[in-house]
Amino acid sequence: METLDLVIVGGGPAGMAAALGAYEEGIRKMLILDREPQLGGILEQCIHNGFGLHRFGEELTGPEYADRYIQKVTELQIPYRLQTMVLNIHMAEDRDKLITAVNEEDGLFTVKAKAVVLAMGCRERNRGALNTPGTRPAGIYTAGAAQKFVNIKGYMPGKKVVILGSGDIGLIMARRMTLEGAKVEAVCEIQPYSGGLTRNIVQCLEDFDIPLLLSHTITQIHGKKRVTGVTIAQVDERKNPIPGTERYIECDTVLLSVGLIPENELSLGAGVQLDGVTGGALVDETRQTSLPGVFACGNVLHVHDLVDYVSEESDLAGRNAAKYIRHQKAEATIQRKITASGGVRYVIPQTIHLPVTEDQRFYFRVGDIYNKVKITVKSGDEVLYQKGKAKVVPGEMESVAIKADVLNRAGADLEVTLVQEGK
Amino acid sequence: METKNLTCIVCPVGCSLTVTLDGDKVVSVTGNTCKRGEAYGIAECTAPTRVLTSTVRVEGGTAPFVSVKSKEAIPKGMLFEAMEAVNKITLHAPCAIGDVVIEDLCGSGIPLVTTKGVKKR
């Protein structure tokens, strides 16, 4: 059996950044496994621009951002196997990990590794998850599936489109299909706010006069063989359709952009503990999961809005996987939980080992729109850190950087919370 | 004096800008957190531009289409005209990332370039 130091599951932006991070820390015996015929993951079909401003200081398209990493992986001769599906990750008794995968060339094979980085990304929520009433005609796609048809295969999924959900992929596809000649009738969002980035509302909807209907949902999909239209309605605070507000919109296509789910079947099979809110693994400050030597990063850990942050997080996971492989045991002895409260939905990481030697950044998402808040990190009753922010929204991930010495003073578990300004 | 509230789209931060105009002239831009935001505020109120991204058909390649972009932003009003030009083109594999597809996109002076490579089949 092939014995390696590190196996990385997934060759998208997370997997490649983790591989490069581990390489810089001296790891050579590693292997990236990916089920697609090329490295790059979902960036391959994200042909729009806006990637890389934080990481590279310039505005790149998805394929260009991926190419920067593919070039490095190739240059450094980091091994990868494509069109390879990982089937199972198993913890051996000696703490090594057995990774079983399959591809056309090698058939079924198992490799052994000291550490694993999980970088499988996420998938889209679909109609089944929404229970939208109506018939089951052709013409209903997730926004990402439509993106692949248009950008990779060159097929237009339809001519008259209604989009349910205002996630970024839905907004991007509203513009893309409009540019290719389709008419996007409306984007319906059940929440009273958009789930996408503000810049995408501006340049994908407002630029093309596409209405964004907040607090609206599709209550019925019509059509026998093909979608013929949808009934939409306004919803109340409890997200129930308000009788009398129903409206019929004729269309041949419905796109769903209603959220992303970290793809953690492999993690669960291995025995990794997941966070009920993020749908990803519970991790510590090194992005190590509940299983020693198994790390997670990117959208499989929690859904990010910017790839730049995926790269940053994955670099960290890769470097820490390398330290684990080299048996660099941390001095840290105390484990503290990091919990979310007061409008904060979740925090990454969920635990931290103290003392830390480096400053730490906590990433979190809020559950609603809040104006004039103080992002607050507490340890018990003691406030460790506070930062004012004019506005926080659920669609945009927030983060706070906290100095190592401040954290090392923490005498109790940590809590990230929002305090209304003036209180 | 007239003020316009905009959301900056230069980067995903999305700063809320307030642009003060005197007729067609921009007097001030506030709310931006970087220099690019100021430039965006001015351009958006005088001559709005956008980067166009799309795909172009490829013959004889490992993929049927290749992604492209206008190398710089082009006038916003030109987007649909540019799409027509883009959709008329067929490339022959191989093509490399950054290849110039159209030298001057609809008289904007901006070239259309590929954003990925396609190998020969």
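Here's a quick tour of some helices and strands in this structure. Keep in mind that the model is predicted. We'll start with a helix in chain B that has chain A among its covering elements, then look at two helix pairs in chain A, and finish with a five-stranded open sheet in chain A.

**Helix 2 of chain B**

- Helix 2 of chain B runs over residues 79-87, and its buried residues are Leu79(B), Ala82(B), Met83(B) and Val86(B).
- Looking down the axis of helix 2 of chain B, you'd find those buried residues within an arc of 105 degrees, so they line one face of the helix.
- The cover over these buried residues includes a piece of the other chain, namely helix 5 (168-179) of chain A.

**Helix 5 and helix 6 of chain A**

- Because angles under 35 degrees count as roughly parallel, helix 5 of chain A is roughly parallel to helix 6 of chain A.
- These two helices have a left-handed crossing.
- On the helix 5 side, the contact is made by Asp168(A), Leu171(A), Ile172(A), Ala174(A) and Arg175(A).
- Helix 6 of chain A brings Asn200(A), Ile201(A), Gln203(A), Cys204(A) and Leu205(A) to that contact.

**Helix 1 and helix 2 of chain A**

- Helix 1 (residues 13-24) and helix 2 (residues 62-75) of chain A cross at roughly 40 degrees, and their axes come within 10 Å.
- That makes helix 1 and helix 2 of chain A oblique to each other.
- Their crossing is left-handed.
- Helix 1 of chain A makes the contact with Met16(A), Ala17(A) and Leu20(A), while helix 2 of chain A uses Ala66(A), Tyr69(A), Ile70(A), Lys72(A) and Val73(A).

**The five-stranded sheet in chain A**

- Five strands of chain A make up an open sheet with mixed pairing, in the order 22-20-27-24-25.
- At the edges sit strand 22 (351-354) and strand 25 (382-392) of chain A, each pairing on one side only.
- On average, neighbouring strands here are turned by 25 degrees against each other, direction ignored.
- Within the sheet order, strand 27 is next to strand 24; strand 24 (residues 370-379) and strand 27 (residues 414-420) of chain A run antiparallel and are joined by seven bridges.
- For Lys378(A), the bridge partner in strand 27 of chain A is Glu415(A).

Terms used:
Residues are numbered from 1 along each chain as its sequence is written. Chains are lettered from A and ligands numbered from 1 in the order in which they are written. This is a predicted model: local features need pLDDT of at least 70, side-chain atom pairs count only at pLDDT 80 or more; totals for chains, interfaces and linings use all residues. Side-chain values use heavy atoms; hydrogens and water are left out. Buried means under 20% relative accessible area, exposed over 50%, partly exposed in between (1.4 Å probe, protein chains only). Helices (H or I, at least four residues) and strands (E, at least two) are DSSP runs, numbered from the N terminus. The arc is that of the directions from the helix axis to the C-beta atoms. Contact means heavy atoms within 4.5 Å. Two strands pair if DSSP finds at least two bridges between them. Axes are lines fitted to C-alpha atoms, for helices over the stretch in contact, and angles run from 0 to 180 degrees between N-to-C directions. Angles under 35 degrees count as roughly parallel, over 145 as roughly antiparallel, 65 to 115 as roughly perpendicular and the rest as oblique. A crossing is left-handed if the near helix is turned anticlockwise from the far one by less than a right angle, and right-handed if clockwise.
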